[in-house]
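The structure comes first, then the questions.

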Amino acid sequence: HALLIFYPGFFYGIGNSFATVHNMRFEDNLYANPFAGLLSGTFAVGIFFVLSGFVLTVGYFTKKDDTIIKRMAAKRYLRLMLPALASVMIVFIILAFGLNAGMEGTVEKTQSLWLGQLWSFTPHLWDALIQAAQGIFVNAISDTGYNPVLWTIFYEFLGSFIVFALALAFGRSQYRWVAYAVAAALLFQTWLFGFILGMVLADIYVNKRGIITFFNNRLTYLLIPIAIFLGGFPSGEITTTWYQAIKIPYLNDFQNITFYVSVGATLLVLAVLALPRVNRFFANKHISQYGRYSYSLYLLHMPVLFTVCVGSFNLLVGQFGVTFHLAAAISFVAACVVLVGLTYLFEKFIDAPSIRLSSSWSKFFFSKTSNKN
């Protein structure tokens, strides 16, 4: 997203409704490059969805206990909504007090039409509350104006309940693979496809360990660059032969993106599961401990970019005459420093308490249900 502020052509190409000029010599080379997945936020979202399908069902496949699914389902709304609500309230305060004043000047300097279309409305407290409590769960686009990254919550919430339903209905059945195939066939044109693939990986990981063992070889390392290539499927016009060659003709651009990004994300997760060295790296407590900050980081990064990053850039270029690229680099570093601190505080005082509250609600709900029965 920082690159989209300063170099939007790398993601959308040049000459469309999001990017009209080059700000860097190699911007065209970055667009639709086979390694564009390394810089793609879309690919990160695809991984997030596949991991969700995996994490939400792997415990069930391990213990075969329906209660695991039911408890997760009971707390899912509060778990997602409370931190999202806090992030929307932060954005409301930013907009109400005009703390995003640097955005307009930055748009003029970078010509990022992507940035120019965001936060271009008058904030209203009631609208913000409704958007966070309801809108993001029923609409993937129009109800995410305050914090644009919340478009994923619609898919995260719906995808969660799809895999919950599949697990409860078919999790113990020998025909569950048919159910997976039907679900995949129905959803492969949407972001929900990743949840199904993640669930399949979880089932394989627990019940078909031979398949994971089969991929424990050096050739599996090739899945990583293949995954990155697929994850970088361009969001704008397809101008390169390698992506043109794999484009599915009867799918539109959005459907091609969701399909290939989901497949790429699945291959990457499979490689991490199957390759012992890679697995041990991510399982290391010094690495895995940062996972608890991921949701907080995700919710906060746009508000920080749209205040600290764009404000610093506008000041450096406009008032101090710093060159474009140096100002972009300094502004990005400044935003990262602020983001690290805010993420730590958000996780401690917002996200972690939200998890505890949603878990308490789930226990309370099931205790009441048990008493009635």
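Q: What makes V272, L273 and A274 in helix 15 contact residues of helix 16?
A: V272, L273 and A274 in helix 15 meet P276, V278, N279 and F282 in helix 16. Contact means heavy atoms within 4.5 Å, and helices (H or I, at least four residues) are DSSP runs, numbered from the N terminus. By class, that contact has six nonpolar, one polar and no charged residues. Here Ala, Val, Leu, Ile, Met, Phe, Trp, Tyr, Cys and Pro count as nonpolar, Asp, Glu, Lys and Arg as charged, and the others, Gly among them, as polar.

A word on the source: this is a predicted model, in which local features need pLDDT of at least 70 and side-chain atom pairs count only at pLDDT 80 or more, while totals for chains, interfaces and linings use all residues. Residues are numbered from 1 along each chain as its sequence is written, and side-chain values use heavy atoms, with hydrogens and water left out.

Q: Why is helix 15 called roughly perpendicular to helix 16?
A: The axes of helix 15 (residues 253–274) and helix 16 (residues 276–283) come within 5 Å and cross at roughly 95°. Axes are lines fitted to C-alpha atoms, for helices over the stretch in contact, and angles run from 0 to 180 degrees between N-to-C directions. Angles under 35 degrees count as roughly parallel, over 145 as roughly antiparallel, 65 to 115 as roughly perpendicular and the rest as oblique. Therefore helix 15 is roughly perpendicular to helix 16.

Q: What makes helix 5 roughly antiparallel to helix 9?
A: The axes of helix 5 and helix 9 (residues 151–170) cross at roughly 170° and come within 10 Å. So helix 5 counts as roughly antiparallel to helix 9. The residues in contact include D66, R76 and L80 of helix 5 and E156, F157 and L168 of helix 9. This contact divides into 11 nonpolar, one polar and three charged residues.

Q: Is the crossing of helix 4 and helix 11 left-handed or right-handed?
A: The crossing of helix 4 and helix 11 is right-handed. A crossing is left-handed if the near helix is turned anticlockwise from the far one by less than a right angle, and right-handed if clockwise. Helix 4 (residues 41–63) and helix 11 (residues 193–207) pack at an angle of about 35°, with axes 7 Å apart.

Q: How many cavities of 30 Å³ or more does a search of the whole structure find?
A: The search finds one. A cavity is a set of points, on a 1 Å grid over the protein atoms alone, where a 1.4 Å probe fits but cannot get out; a pocket is an open set with protein on both sides within 12 Å along at least five of seven lines; lining residues have an atom within 4 Å of a point. The largest cavity has a volume of about 70 Å³, where volume is the space filled by probe spheres set on the points, joined across faces, edges and corners. Its lining has seven nonpolar, four polar and no charged residues, and F10, Y31 and P234 are among the lining residues.

Q: Which helix gives the largest share of the lining of the second largest pocket?
A: Helix 18 does, with four residues. This pocket has a volume of about 170 Å³.

Notes:
Helix = DSSP H or I, 4+ residues; strand = E, 2+ residues; numbered from the N terminus.
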